[in-house]
Amino acid sequence: MWYLCVFFHRLLDYRRPEVEALAELFQPNKSNEPLKWRVPEDHHPDSPFHFVNLSSDDVARDIANRSLLVKGMYELWGEGSTLEELEQAIKSYPDERKSPYLSSESTFRITVDSFGKVMSFEEQNDRIHQLAYIPFEGRVNLKHPDHKFWLMETDDHGGNNGLPPVVQKRIFFGREIGGSDRTLIPTYQLKSRKYLGPTAMDAEMAFLMANQALVKPGKLVYDPFVGTGSILIGAAHFGAMTMGADIDIRVVRDGRGPDRNVWSNFKQYGLPMPVGLLRADNNLPPWRPGLKEVFDAIICDPPYGVRAGGRKSGGRKLLKGVVGPYTVPDDKRTDHIPSTAPYSLVECVHDLLDLAARMLVIGGRLVYFFPVLREDEANVGNTVFPEHPCFELISSSEQILSSRYSRVLLTMVKRRPYTEEIAEAARVKHTEFRENHVKWLEDGNIHSSVFTPADQLTVSGDTKPLRDLKPKYRGKYV
């Protein structure tokens with residue numbers, strides 16, 4: 001059945017992928033069938049109004065109630081460019097579909113909403129009075145009605161409101177099936193959280209990542225770059241068991257005191273504590289040989305060098321062979337902090353894909369961010385992302401953070417079991433990716449590319465090598 005899906009007008013690239021992920025979560029028997037979409041007549045693809053084909057009211061309600069970007073799902077009774085066209089459409093809608101919600105035993109409420117324009121209280125009342133031809137027999141209940149109806153009106157392109165072009169205005173009327181609970185955002189907002197770091201993921205994005213990963217009760221979710229636990233908090237809210245790791249032992253062990261650490265963040269919201277937090281290096285994973293297919297989802301924000309750079313174990317001298325491996329004395333192990341060295345993004349992503357290929361169950365999801373430099377707008381849409389033979393890339397949603405830099409949320413599904421042959425094929429793909437597409441990432445200079453003023457990027461028409469550039473702004477975060 002077709003439903004009218006009304007989105008919040010934000011994070012436009014993320015809207016459809018989130019609904020498609022939740023549709024797979026709530027109607028798994030149709031997971032192999034792509035979700036069908038269509039846009040209302042004369043509407044731009046960026047319009048908040050979309051039609052989506054779902055199997056039942058229950059599925060539509062579950063998606064809307066869980067989603068962060070769906071304002072509401074509606075059973076559309078009619079639409080038109082004018083109030084007269086709307087009236088004819090509503091009268092033509094089958095009586096057997098309308099009558100259960102018009103009976104004298106039920107209560108109802110009509111809400112008037114608009115997009116691209118502001119309607120006064122008098123205009124809203126006038127719109128409601130013009131719906132007198134609908135034979136409502138029940139009582140009006142504004143606080144707790146049995147049935148909620150919405151009349152939504154869009155402005156046309158001539159309104160010059162800066163919104164996506166709509167050739168003609170459109171009016172929709174329908175019964176609400178379900179709506180988003182945006183109270184999650186102020187409840188989990190970062191400014192009220194006890195323990196934060198410079199790379200803490202904002203609450204809305206953490207919930208979106210959890211939805212992309214199909215998080216639900218009983219699933220085990222892992223974050224190999226856990227930091228202050230922001231991503232795992234989103235997963236735990238939806239009922240998952242969580243587990244994390246970080247190379248900085250001070251983060252996972254101490255935080256900033258007994259009441260300001262990763263554990264206190266979970267305690268603050270009354271969420272189940274993580275199964276475990278490890279001091280672990282993504283480059284040297286701690287899992288014993290033979291252990292595989294443990295996690296249902298891996299969700300993370302790899303350190304790609306804009307707000308924080310990646311680190312791996314070893315130290316510069318050890319990795320260069322200047323000094324040999326050493327053993328920490330027993331009397332110093334309690335407070336010992338291992339040496340680390342820079343960890344380039346291209347190496348970090350390769351290790352992440354290898355970890356996910358080994359440790360995810362078949363059908364498990366890997367959800368992570370990947371940076372994109374927007375130096376050439378024409379090539380942004382043609383960005384080539386890391387690949388792995390075990391995985392299928394099912395969505396890539398871009399979030400523009402500045403005129404020069406954006407990040408893309410990649411969602412990958414594990415389709416094949418991990419074998420040594422696949423590991424070798426993945427190594428070859430990684431080498432091709434590093435050499436042909438993002439060689440500049442090997443040097444870890446994305447920070448310079450983001451923060452250096454544009455007029456310093458070119459000299460005599462030629463691009464200056466990124467390694468020669470120095471960031472002009474220090475101590476700033478995107």
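Of the contacts in the protein with a separation of 6 or more, 73% are between residues 24 or more positions apart. The structure is a predicted model. Its secondary structure comes to 15 helices and 19 strands. The protein has 478 residues, and buried residues make up 49% of them.

In soluble globular proteins, nonpolar side chains tend to be buried together. The largest nonpolar core in this model has 82 residues. Those with the most contacts inside this core are Met 209, Val 215, Phe 295, Ile 298, Leu 366 and Tyr 368. Helix H12, residues 345-359, gives the most to the core, with 10 residues. The surroundings of Leu 366 were examined with its neighbours within four places in sequence left aside; Leu 366 is then in contact with Ile 298, Leu 352, Leu 353, Ala 356, Leu 360, Phe 391, Leu 410, Thr 411 and Met 412. Another core, of 20 residues, lies apart from the largest one, and Cys 5, Ala 60, Ala 64 and Leu 214 are among its residues.

Helix H7 spans residues 203-212. Helix H1, residues 12-26, packs with H7: the two axes come within 8 Å and cross at roughly 45°. The two helices are therefore oblique to each other. On the H1 side the contact is made by Tyr 14, Pro 17, Glu 18, Ala 21 and Leu 22, and on the H7 side by Met 205, Leu 208, Asn 211 and Gln 212. By class, this contact has 6 nonpolar, 2 polar and 1 charged residues.

Positive phi values were found in two leucines next to these helices. Leu 11 is placed in the loop between strand E1 (2-7) and H1. Its phi is near 45°, a positive value in a residue other than glycine. Leu 11 is buried, with a relative accessible area of 17%. Although Leu 214 is not a glycine, it has a positive phi of about 60°. Leu 214 counts as buried, at 8% relative accessibility.

A search of the whole structure finds 0 disulfides. For Cys 300, the closest cysteine sulfur is that of Cys 348, at 7.5 Å, which is too far for a bond because a disulfide needs sulfur atoms within 2.5 Å. Cys 300 counts as buried, at 0% relative accessibility. Cys 5 is also buried, with a relative accessible area of 0%.

His 147 lies in strand E7, which covers residues 147-154. At 16% relative accessibility, His 147 counts as buried, the cut-off being under 20%. Leaving aside neighbours within four places in sequence, its contacts are with Pro 100, Tyr 101, Ser 106, Thr 107, Phe 108 and Arg 109. Glu 176 is 29 residues from His 147 along the chain, and the C-alpha atoms of the two residues are separated by 7.4 Å.

Technical notes. Residues numbered from 1 in each chain as written. Predicted model: local features only at pLDDT ≥ 70, side-chain atom pairs only at ≥ 80, totals over all residues. Heavy atoms only, no water. Core = buried A, V, L, I, M, F, W, Y, C linked by side-chain atoms within 4.5 Å. Buried < 20%, exposed > 50% of the residue type's maximum accessible area, 1.4 Å probe, protein only. Helix = DSSP H or I, 4+ residues; strand = E, 2+ residues; numbered from the N terminus. Contact = heavy atoms within 4.5 Å. Axes fitted to C-alpha atoms, helices over the stretch in contact; angles between N-to-C directions. Parallel < 35°, antiparallel > 145°, perpendicular 65-115°, else oblique. Nonpolar A, V, L, I, M, F, W, Y, C, P; charged D, E, K, R; others polar.
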